[in-house]
Amino acid sequence: MIKQVCKTVFKVNNSTLKSLKSYKDIPGPRSMPLVGTLFSLKGFGGEYNLLEFRDFQDILQSQYGNIVKWELFNQKNVYLYDPELIRQAFKTDGNTPHRSLLFPILKLHKKLGIKSTLSNSQGERWRKLRSLSNPCMARPQAILAYLPNQNQVANELIDLIEQKFNNDSNILTYHKFDQILRLLALEYVSEIAFDRRLYCVDEKKRLADVDQLVTCINTFFIQAGRLLFSPPIWKYYPTKDWVEFEQASRYIYKKTGEYIHNAYEDLKNNNTKQTILKEFLIRKDKHGLSTDDVVGLMTDFLMAGVDTVNLVLKIYLIFENVVNNIFANLDGHSDPLFAL
């Protein structure tokens with residue numbers, strides 16, 4: 001099978017096949033039986049810090065090249081750094097690609113009795129979930145109906161900033177602006193996922209559970225990253241990171257389930273309302289999926305959406321500040337490169 005893939009995808013001949021190297025030949029830090037590269041990590045006598053994942057990847061590439069092997073306990077990884085190699089690897093995926101599992105979420109789903117969701121599924125189930133999602137989410141027209149409310153949310157954000165910022169001495173200060181961005185992101189995404197507004201930004205109308213929900217989503221991502229890129233002690237013993245991750249996750253799944261089931265009941269009584277959530281619920285039977293599967297999809301969408309929107313807003317604000325600083329320092333020069 002591997003030889004056939006090499007022939008069709010990488011365009012190699014029989015003589016080249018004989019010279020192909022095995023997995024054991026891939027360069028990487030020294031791996032030991034059972035523990036793998038554990039002793040290469042900081043805290044165990046090594047130099048690598050998985051929690052600083054970008055720096056960790058840069059160091060691996062500089063030391064071992066564009067194909068690097070990394071093993072930790074029973075987890076085996078091969079990192080590719082060359083765009084062409086990555087392109088070739090993706091070409092082998094087919095209709096049901098094998099995807100890297102997020103083991104903390106996998107353990108959580110098993111513990112809560114939840115079927116794998118789009119973020120953590122494989123094979124035919126992944127294809128079914130993806131086939132359901134694409135027609136509902138990938139059409140620009142599907143988003144247009146939400147624009148009026150999205151614009152209203154933006155206006156509410158402006159009002160909130162005007163209330164919260166202190167303009168004394170021409171210096172704008174607000175210590176919880178990161179939380180405001182997360183609330184804004186949750187409001188944008190929740191209307192699509194839940195078919196309702198949570199009024200995250202409008203403090204007077206904000207629902208009681210919104211602050212806890214956005215805090216739990218933030219905790220989910222922080223702790224998932226710590227669990228994913230640390231020795232997997234949490235698989236066998238409930239560490240502090242695991243307990244915080246599980247508690248946050250339980251609350252998120254509980255609230256998203258409540259919101260979506262309530263929206264489902266409302267949609268049954270309103271045949272004229274056309275929304276993305278309704279399209280998911282109508283199409284699910286065609287793909288052999290259940291309402292609980294839709295809850296899982298929308299939970300994925302909610303958490304990924306909040307994290308992504310929050311990050312994009314931060315990048316935009318930082319970039320805008322950089323551009324303004326560049327032009328402020330031009331000092332009469334017409335070439336922006338001069339300011340750099």
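Which residue lies over the face of Trp 242, and at what distance from the ring centre? Lys 107 does, at 4.4 Å from the ring centre. This is a predicted model.

## Overall make-up

The protein has 14 helices and two strands. It holds 340 residues, and 36% of them count as buried. Take the contacts between residues at least 6 apart in sequence: 60% of these join residues at least 24 apart.

## Aromatic pairs and charges over rings

The whole structure contains nine aromatic pairs. In one of them, Tyr 48 and Trp 70 have ring centres 5.7 Å apart. Their planes stand at 90°, so the pair is edge-to-face. The partners come from distant parts of the chain, 22 residues apart. Tyr 48 is in the loop between helix H2 (14–18) and helix H3 (53–64), while Trp 70 is in strand E1 (residues 67–72). Tyr 48 is buried, because its relative accessibility is 4% and the cut-off is under 20%. Trp 70 is buried too, with a relative accessible area of 2%.

Ring pairs also build a cluster from Phe 220, Phe 221, Trp 234, Trp 242 and Phe 245. Trp 242 of this cluster is the ring that has Lys 107 over its face.

## H5 against H10

Two packed helices are described by the angle between their axes and the distance between the axes. For helix H5 (residues 103–112) and helix H10 (residues 210–228), the angle is about 110° and the axes are 8 Å apart. H5 is therefore roughly perpendicular to H10. On the H5 side, the contact uses Phe 103, Pro 104 and Ile 105. On the H10 side, it uses Phe 220, Ala 224, Leu 227 and Leu 228. What classes do these residues fall into? Seven are nonpolar, none is polar and none is charged.

## H9 against H10

H10 also packs with H9, at an angle of about 100° and with axes 10 Å apart. That makes H9 roughly perpendicular to H10. H9 contributes Gln 179, Arg 182, Leu 183 and Leu 186. H10 contributes Val 210, Asp 211, Leu 213, Val 214, Thr 215, Ile 217 and Asn 218. By class, the contact has six nonpolar, three polar and two charged residues.

Is Arg 182 buried or exposed? Its relative accessibility is 10%, so Arg 182 counts as buried. Arg 182 is in helix H9 (residues 177–194). Leaving out residues up to four places away in sequence, Arg 182 touches Val 214, Asn 218, Val 306, Asn 310 and Lys 314. Val 214 and Asn 218 are among the H10 residues in the contact with H9.

## H11 against H12

Helix H11 (residues 240–268) packs with helix H12 (residues 276–283) at about 85°, and their axes are 11 Å apart. H11 is therefore roughly perpendicular to H12. Ile 260, Ala 263, Tyr 264 and Leu 267 of H11 meet Leu 277, Lys 278 and Leu 281 of H12. Six of the contact residues are nonpolar, none is polar and one is charged.

## A buried glutamine

Gln 75 is in strand E2 (residues 75–80). At 16% relative accessibility, Gln 75 counts as buried.

## Positive phi values

Leu 34 has a positive phi near 70°, though it is not glycine. It sits in the loop between H2 and H3. Leu 34 counts as exposed, because its relative accessibility is 78%.

Asp 195 also has a positive phi, of about 60°, and is not a glycine. It lies in the loop between H9 and H10. Asp 195 is buried, with a relative accessible area of 13%.

Conventions:
Residues are numbered from 1 along each chain as its sequence is written. This is a predicted model: local features need pLDDT of at least 70, side-chain atom pairs count only at pLDDT 80 or more; totals for chains, interfaces and linings use all residues. Side-chain values use heavy atoms; hydrogens and water are left out. Axes are lines fitted to C-alpha atoms, for helices over the stretch in contact, and angles run from 0 to 180 degrees between N-to-C directions. Helices (H or I, at least four residues) and strands (E, at least two) are DSSP runs, numbered from the N terminus. Angles under 35 degrees count as roughly parallel, over 145 as roughly antiparallel, 65 to 115 as roughly perpendicular and the rest as oblique. Contact means heavy atoms within 4.5 Å. Ala, Val, Leu, Ile, Met, Phe, Trp, Tyr, Cys and Pro count as nonpolar, Asp, Glu, Lys and Arg as charged, and the others, Gly among them, as polar. Rings of Phe, Tyr and Trp (its six-membered ring) pair if their centres lie within 6.5 Å; planes under 30 degrees apart count as stacked, over 60 as edge-to-face and the rest as tilted. Buried means under 20% relative accessible area, exposed over 50%, partly exposed in between (1.4 Å probe, protein chains only). A charge sits over a ring if NZ of Lys or CZ of Arg is within 6 Å of the ring centre and within 35 degrees of the ring normal.
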